[in-house]
Amino acid sequence: MSTTEKALEGTGRFLDDRLHGASGLNRFLRKIFPDHWSFLLGEIALYTFIILLLTGTFLTLFFQPSMTEVTYHGVYTPLDGVRMSEAYSSTLNISFDVRGGLLMRQIHHWAALLFIGAIMVHMLRVFFTGAYRKPREFNWLIGIIIFSIAIFEGLFGYSLPDDLLSGTGLKITQGVLESFPIVGTYLSFFLFGGQFPGHDIIPRLYVIHVLIIPAVLLALIAAHVFLTFHLKHTQFPGKGRTNANVVGAPMYPYFMAKTGAFFFFIFAVLALLSTFAQINPIWLFGPYNPSAITAGSQPDFYMGALEGALRMMPNWVWNVAGHTFAFNEFIPALLPLGIIFGGGAMWPFIEQWVTGDRGEHHILDRPRNAPTRTGIGVAAVVFYGVIWLEGANDVIANHLDISLFLTTWIARITVIVGPIIAYWVTKRVCLGLQRKDAHLLEHGIETGIIRQLPNGAYVEATRPVSENDEAVLISRTGLPPLPAPAADEEVPAKSMRGGMGRMRLALNRVVTEGIAAPTGNGHGEEHANGHGEPAAISGQGDQGRDGQDSGSSS
Amino acid sequence: MRPITSLRRHRVAGYAVVLLGLVGAGAAYTAVAGQPGTAAADASPVSRQQIAEGQALFARTCASCHGMHAQGISGVGPSLIGVGAAAVDFQVSTGRMPGKVTGAEMPPRPVVFSQTQIHALAAYVASLGGGPAIPSGDQVSPAGANLALGQQLFITNCAQCHNFSGAGGALTSGKFAPPLNHATPTQIYEAMQTGPEAMPVFSDTTITPAQKRDVIAYVTKVRGQPDPGGFSLGRVGPVTEGLVAFLGGIAVLIFAAMWITMKRRES
Amino acid sequence: MSDMTEGPRDLPQGSDGEQDEGSRAPHRVIGTPPPAEARTLLASEQEPPQRPRIIVPTGPAAKRGERLVATFFLLSGLASIGFVASYVTLRPGSLVDTLRSNLTLGIAMSVAFGAIAIGAVLWLHLLMPKVEIPEDRHSIASSPAERAEFADTFAEGAERSGFVKRPLVRRSLLGASVLLGVAPLVVLRDLGPLPETKLRHTAWARGRRLLVLGPNTPIRPADFSSPGQMITVAPEGFEDNQDAMAKAATIIIKFRPGQLKPPTVMNWAVDNIVAYSKICTHVGCPVALYEQTTHRILCPCHQSTFDAARGAKVVFGPAPRALPQLPLGVDSEGFLISTNDYHVPVGPSFWELGGSGFSGGNEQS
C-alpha cells in the first residue's frame with residue numbers, strides 16, 4: 001500500500017498543483033465500460049490507425065514521391081535496367097535495401113486493409129444493434145465521414161508506388177473523373193497537372209495521403225472517441241441494466257488492461273500477417289506503363305464495390321448538343337456508394353420520423369427486435385456484397401470455371417432482386433425469433449424430462465429462464481404510437497396530415513410489425529416487472545413521444 | 001460427462017473448431033498453389049523412320065478428328081497441314097491433344113505420349129509442309145538473356161491475359177488463359193510462335209527468337225523466385241489479400257476480443 | 001499487485017456478484033482504483049470515500065497465474081532482443097536474404113507484441129478480481145435553467161456588440177467574409193493547363209511509322225503475315241513518352257482475307273492488317289486480351305468486349321463506343337505508317353466528346 005501511495009504523492013502533488021488534474025482524472029479512471037467483444041471492433045480501427053501513422057512515418061523517411069524517370073540497377077535483378085519512376089524505384093529500395101523495410105511496408109498495407117475492414121464491421125455492429133439512435137446520431141455521422149475519407153486515403157496510398165496495378169487504378173480514377181458532366185475534363189486536368197499521367201500526380205497524392213487526410217482523420221477520430229466517452233457507452237440488455245445506468249468494469253485498471261492487451265494483439269496479428277502473407281508485391285507487377293495491363297487488375301477490397309459497379313453498369317451514354325453524359329461512368333461511381341453512405345447518414349433521422357420515437361436509447365436492440373431495421377441492413381449488405389463480388393468477377397469466373405459475361409448478368413439481376421429477397425427473409429426470420437422468445441418467456445426452457453400427470457397425460461417439464469436471460473428476453477419494448485388526434489377532434493395531428501403524413505403512417509405500420517411483446521415470465525409475475533420496465537407495446541417511461549417532445553422544445 | 005463431451009461443450013470449443021478450419025483451409029490452399037519445377041525438351045534430328053512412326057501414330061489417335069492425311073474434317077478438327085512441328089509438340093506435350101471433346105478451348109489433360117512419340121508425330125506433321133520447328137535447347141535457354149527487355153515484352157504482350165506473374169486469367173465466354181507455372185521454356189516458345197487456341201501469334205518477325213528467349217528468361221526467373229514477404233497468396237493480386245485481411249486479420253482479432261471480454265464460468 | 005491485498009481470503013478466483021452489494025452509488029467502485037490515490041489527491045477537497053474491500057485472488061492458483069503472466073512478459077522481452085539481433089546480423093538484399101530478414105524480424109516482432117498481449121489478458125483473467133458495477137447516466141440535455149442562462153448570455157453579447165441593431169456593419173462583414181473566402185480559390189487555377197482540344201489529338205500523324213513496343217523496331221506488312229498475329233505499337237519518336245503513349249498506344253491485328261467486315265474501314269487497313277486504339281473507351285485501361293479464334297478484344301479492367309473483325313464495335317460490357325481505328329499506310333521503304341491521326345478522340349467519354357465521337361470508323365475523311 002504505502003509504496004503506491006508514496007510514489008503518487010510527490011509527482012501527483014507536483015502535477016496537480018499546476019494542472020488541477022486530480023478530480024477530472026479521477027472521474028476518468030472510474031469511468032465504467034460495459035463488457036462485450038463487439039464493443040472492441042471500433043478499437044481495431046482506432047489502433048490500426050495508430051499503427052498506420054507509425055509505419056507510415058517510417059516509410060516517408062525512405063520513399064521518394066517523384067515521377068522522375070530513372071533506370072533501375074538495384075538488387076532485384078529481374079528489373080535490372082528497366083526504366084521506372086523514382087517513386088517505384090524507392091519502393092523497391094524500401095523492400096530490398098532498407099532493413100525491416102519490407103516488414104514495415106507490409107504492416108502498413110495490412111493495417112490499411114484491417115483499418116477499413118474494421119470500420120465496416122464496427123458500423124454493421126452499430127447499425128444492427130441500434131447504437132446510432134439518439135443521442136448518438138452525430139457520432140454515427142462522424143463515423144460515416146471517417147469511412148468515406150478512409151477509402152480515399154487507401155486509394156491514394158495504393159497509388160503512390162507507381163507500379164502497374166496502382167497506375168491502372170489511377171487511370172481508372174482519372175477516366176471516371178473525366179466523365180463527370182461539365183466539370184470533369186477540367187477536374188482531371190487540374191488534378192493531374194495536365195494530361196494523364198503527367199509528372200505531378202504522385203507528389204500531389206503524396207501530400208494528400210501523408211498530411212491532409214491523416215490530419216482530418218485524426219481530428220474526426222478524436223471527436224468520435226471523445227463523444228463515445230462523453231455520452232457513455234451503450235450496453236446490451238441484461239439483469240440490472242437499464243436505460244439510466246451503465247454496468248461494467250471501471251476504466252482503471254480493467255478497461256486499460258483490456259484495451260492495452262487488444263492494442264498489442266492487433267500489432268501482433270499485423271506483424272504475423274506481414275511475416276507470413278506477402279502483400280502488394282510491387283516488384284512482380286513491374287513499373288507503371290500506360291500501354292501495359294495485367295489480367296486480374298483489381299483494386300484493394302474497399303474499392304471493390306466501385307470497381308464492381310463500373311463492371312456491372314450497361315454502356316449507357318447520352319449525347320446532347322455536342323456534349324456527352326457518360327452515365328456508364330459517373331452513375332456507377334456515385335450511385336451505389338451514394339446509396340450506402342447517404343442512406344446510412346439519413347437512416348437515424350428517417351427512423352425517428354417514421355417511428356415517432358424521439359427518446360434517448362442507451363440499451364442496445366437485439367437485431368431480431370427491430371425486424372425492419374435488420375431487414376434493411378441485411379438488404380444493404382447484400383446490395384453492397386453483390387457489387388463488391390462483381391468487382392472480382394474475373395477471378396471468380398476463372399476459379400469457378402463459369403463464363404465471365406454470365407457472372408456480370410447474374411450480378412446485374414441479383415443487385416436488384418437480392419436485397420428485396422434478403423429484406424423479406426430477414427424480417428420473417430426476426431419475427432420467428434421473436435415468437436421463439438415469447439414462447440421461452442411464457443413456458444420456460446424445455447428440460448427433456450417427460451412427466452406423467454395423474455390423469456394419465458404426458459407433459460414435458462420446463463424450467464424458467466435465468467434472471468439474466470429473462471432481462472434480455474423482455475428487452476423488446478415496442479414503439480410508442482404516432483401522435484393520435486386529440487380526443488375531442490376528428491382531425492389528425494398536425495404532423496400526420498397530407499401525403500407525407502399518410503406515407504409516414506404506412507411506413508410506421510411496416511416498422512412496428514412484430515408479434516405482441518412478451519409480458520412476463522412463466523414462473524411468476526413479480527419478476528417480470530422487477531426492473532420497472534413494463535414490457536408492453538404501448539409507450540415507455542423513458543422514451544419521449546412526438547407530441548411531448550415537440551411540446552417541450554418549442 | 002465423458003471427457004470428450006465436456007471438451008466439446010467447453011466455451012472455447014466453438015472458436016477452436018472455426019480456427020482449425022481456417023488454418024486447414026489456408027494450408028490446403030498453399031499446398032495447391034505451390035510452384036512446380038521446369039524441364040526442357042530437346043528436339044532431335046528428323047529421320048525417315050521417325051516420320052513413318054509418327055504417321056502410324058497419327059492414323060491411330062489423331063485421324064478420327066483431323067482426317068487420315070491431316071487435311072482436317074469440317075466441323076470436327078482443323079487441317080494440320082502447315083501448322084508445323086512446334087504446334088504439334090505444344091499441343092501434345094501439354095496434354096491438350098489428343099482431346100476428348102471438340103471445342104475452342106481444349107483443357108490440358110495428362111500427357112499420353114512419350115517424348116519420342118511426340119517428336120515422331122511432330123516430324124510427320126512437319127513433313128506435310130512448312131510451319132515452325134520445335135526450338136532447340138539453346139533457343140529457349142535463359143542464360144545470358146536480357147531480363148529487362150523480357151519484362152517489358154511480357155508486361156506489354158503477355159500479362160494482359162496470363163497475369164503479371166503468369167498465374168493466368170479469365171477470357172470471354174468461359175475461355176481462360178492458362179497459368180504459366182507448369183509450362184516448359186520450349187512450350188512457352190512454341191505457344192508464342194504458333195498461337196494455340198485463342199492466343200494470338202507472336203511470330204519471329206515481330207518478336208525475334210532472341211526476344212522470345214528474353215521473355216522466357218523473365219517468366220522462368222520470376223516464377224521460380226521466392227516470395228520474400230511470406231506466402232504468395234497465389235500471386236493473383238489484391239483479391240486474395242482482401243480475403244486474408246478478413247479471415248486472417250479481422251476474424252482472428254474478433255477471437256482475441258472474445259477472449260479478452262470472456263466472462264469466467266460461474267463455479 | 002499482491003501488496004494491495006486487503007483482508008486476504010481463501011478465494012482462488014474472484015467470483016461475480018458477491019462483492020457488489022451496496023455499490024449502486026455512482027462513485028463507490030469496488031476493486032479499484034488503488035485507494036491511495038483517491039485519499040492523497042482529494043484530501044483537500046472532500047472527505048475520502050470509504051475504501052471498498054478489495055478481494056484479490058490469492059493461493060496457489062494465483063501464484064501460478066502470476067508466474068505464467070511474468071513468463072509471457074519475459075518472453076516478449078527476449079523477442080525484442082531477438083528483433084535487434086536479427087536487425088544487426090541479417091541484411092536484406094537478394095530475395096532469399098530479404099525473405100530471411102523479413103521472417104526473423106517479423107516473428108520476433110509478432111512474439112514481442114503477442115506475448116505482452118497474452119500476458120496482459122492472463123493477468124486480467126487470473127489475477128484481477130471480477131467486478132461489475134453500475135454507474136448512473138446523467139441526462140444529456142442541459143437543464144432548462146442552464147439553457148435559459150445560455151440564451152441570456154448569447155442575447156446579451158449580441159446586444160452589446162450591436163450585431164443585430166447595426167445592419168450596415170453586419171452585412172458589410174458578411175459580404176467581405178464571403179469574398180475573402182472565395183478569392184484565394186483563384187490560386188488553384190495553375191494546378192494544370194486547360195483541356196482545350198488536347199483530348200482530341202494523339203501523337204499519331206501523317207507518315208508516322210509504327211514501332212513494335214519494347215524492341216522499338218519498325219515493321220513491314222510482310223513481317224506481320226501470319227493471321228492471328230497481334231502486337232502493340234507506338235508512334236515513332238514517342239515510344240518512351242508516357243504522356244503521349246497514354247493516348248497513342250495502338251494494337252495491330254492481322255486477319256485472313258475476307259475476315260474483316262464493316263464497319264471496319266477497309267482502306268484504312270493494309271494487307272488485312274488493322275490498327276485499333278489500345279485505350280478502352282470505357283475508362284481508359286489498355287485493352288489487349290485478343291482472342292484470335294473469336295476476334296474479340298477484352299478489357300481486363302471492366303470486361304468491355306470489342307469485335308476486332310467488325311470495326312472493334314462493342315459486343316459486351318460498359319464501353320459505349322467502338323475502339324477508334326487508325327488509318328494505316330506503307331511508306332517508301334515498305335514500313336507500316338499511320339496516314340493520319342485518329343479521326344475521333346480515343347479513350348473514355350468526356351463532357352466535350354459529343355455525338356460525333358461515336359461515329360467511330362465509319363467516318364471517312
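## The contact between chains C and A

In this predicted model, 85 residues of chain C are in contact with 94 residues of chain A, two residues being in contact if their C-beta atoms, placed from the backbone, lie within 7 Å. On the side of chain C that touches chain A, the elements giving two or more residues are α1 (35–42), α3 (95–127), β1 (133–136), α6 (242–248) and β10 (313–316) of chain C; helices (H or I, at least four residues) and strands (E, at least two) are DSSP runs, numbered from the N terminus. The greatest contribution to this side of chain C comes from α3(C), with 17 residues. By class, the residues of the side of chain C that touches chain A comprise 51 nonpolar, 22 polar and 12 charged, where Ala, Val, Leu, Ile, Met, Phe, Trp, Tyr, Cys and Pro count as nonpolar, Asp, Glu, Lys and Arg as charged, and the others, Gly among them, as polar.

Residues are numbered from 1 along each chain as its sequence is written, while chains are lettered from A and ligands numbered from 1 in the order in which they are written. Since the model is predicted, local features need pLDDT of at least 70 and side-chain atom pairs count only at pLDDT 80 or more, whereas totals for chains, interfaces and linings use all residues.

## A sheet built from both chains

Strand β4 (residues 245–250) of chain A pairs with β1(C) in the antiparallel sense over four bridges, two strands being paired if DSSP finds at least two bridges between them. Within this pairing, A:Asn245 stands opposite C:Asp136 in β1(C). The open sheet has three strands in the order β1(A)-β4(A)-β1(C), with antiparallel pairing. Because β1 (32–33) of chain A and β1 of chain C each have a single partner strand and stand at the edges, one side of each is left without a neighbour in the sheet.

Across β1 and β4 of chain A lies helix α10 (residues 251–276) of chain A, which runs at about 75 degrees to β4(A); axes are lines fitted to C-alpha atoms, for helices over the stretch in contact, and angles run from 0 to 180 degrees between N-to-C directions.

## Chain A as a whole

Chain A has 20 helices and eight strands, and its C-alpha trace spans about 95 × 80 × 60 Å along its principal axes. Of its 554 residues, 50% count as buried, a residue being buried if 20 or more other C-beta atoms lie within 10 Å of its own, exposed if 12 or fewer, and partly exposed in between, with C-beta atoms placed from the backbone. Among the contacts in chain A with a separation of 6 or more, 72% are made by residues 24 or more positions apart.

The domain assignment of chain B gives domain 1 (21–40 + 137–236) and domain 2 (44–134), with bounds that come from an automatic or database domain assignment. Between them, 11 residues of domain 1 of chain B are in contact with 15 residues of domain 2 of chain B. The contact of chain B with chain C takes 31 residues from chain B and 35 residues from chain C. At least two residues each on the side of chain B are supplied by α8 (147–157), α9 (159–162) and α12 (238–260) of chain B, and α8(B) gives the most, with five residues.

The mean pLDDT of chain B is 80, and 78% of its residues reach 70 or more. Among the elements of chain B, helix α1 (residues 3–9) has the lowest mean pLDDT (56), and α12(B) has the highest (93).

## Local features of chain C

Strand β9 (residues 305–307) of chain C is joined to β10(C) by three bridges, and the two run antiparallel, with C:Asp307 opposite C:Lys313 in β10(C). In their hairpin, which has five residues between the strands, C:Gly311 takes a positive phi near 65 degrees.

C:Arg100 lies in helix α3 of chain C and counts as partly exposed, because it has 19 C-beta neighbours inside 10 Å.

Note on methods. pLDDT = per-residue confidence, 0-100.
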